[in-house]
Amino acid sequence: WKRGDRRTFGALVMGEPAPDDGAFFTSDMILEYDPEDMPKHLRFYGASDHAVSEKRQRDATVLGAVGVDKAGDIWIQPDVVWRNMETRDTVEELLLMFRRHDFMTWWMEDELISKSFGPFLRERMRKERVYTSIVTVRPSSDKLTRARAMQGRMSLRTVHFPRFAPWWIDARAQILRFPYGAHDDFVD
């Protein structure tokens, strides 16, 4: 244990594995906005992290949209859905999100589309005439590597979080505890 190592001190002495102002993401990287601050013209992208496997039952499903402005800044949209849901509810929430934003792309893990609720989602999209481009991805198992790009953007203060969103206090706490916190579903 090196003298001055706040994370080790917090973990061993204080029983807190991450300092209050963050480790991987730090509080000075977090840029908050109010509704009137959001630019009018944004390109929308969406992604979801689904807690559908047995080992992930403790985590919640997260459906989120971001707007990207002309300068390339990311504006996390306030209508994030973050809770434990059954498959039917997840599909209905996705459809609501697809209707609300004109997404350029929605990213989702490929196993969910091929092995889980993909056929049900596609059927509901056809029936409801909701046409969103879903791109499947196979995430690496290394969460730190996956989070590096966002860490870089946040360090440049180009990611804006809605201070007024009801979920923001919990999300902020999870971001600052990453990767040492008990949950990382919002960061995922």
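The following questions and answers cover ring pairs and backbone geometry in a predicted model.

Local features need pLDDT of at least 70, side-chain atom pairs count only at pLDDT 80 or more, and totals for chains, interfaces and linings use all residues. Residues are numbered from 1 along each chain as its sequence is written, and side-chain values use heavy atoms, with hydrogens and water left out.

User: Are the planes of Phe98 and Phe103 stacked, tilted or edge-to-face?
Analyst: Rings of Phe, Tyr and Trp (its six-membered ring) pair if their centres lie within 6.5 Å; planes under 30 degrees apart count as stacked, over 60 as edge-to-face and the rest as tilted. A search of the whole structure finds 13 aromatic pairs. In Phe98 and Phe103 the ring centres are 6.3 Å apart and the planes stand at 80 degrees, so the pair is edge-to-face.

User: Are Phe98 and Phe103 buried or exposed?
Analyst: Buried means under 20% relative accessible area, exposed over 50%, partly exposed in between (1.4 Å probe, protein chains only). By these cut-offs, both Phe98 and Phe103 are buried.

User: Is Arg129 buried or exposed?
Analyst: Arg129 has phi near 55 degrees, a positive value in a residue other than glycine. Its relative accessibility is 65%, so Arg129 counts as exposed.

User: What is the phi of Arg157?
Analyst: At 38% relative accessibility, Arg157 counts as partly exposed. Arg157 is not a glycine, yet its phi is positive, at about 60 degrees.

User: Which residue does a cis peptide bond join to Phe178?
Analyst: Most peptide bonds are trans. Here omega is about 0 degrees, and the cis bond joins Phe178 to Pro179.
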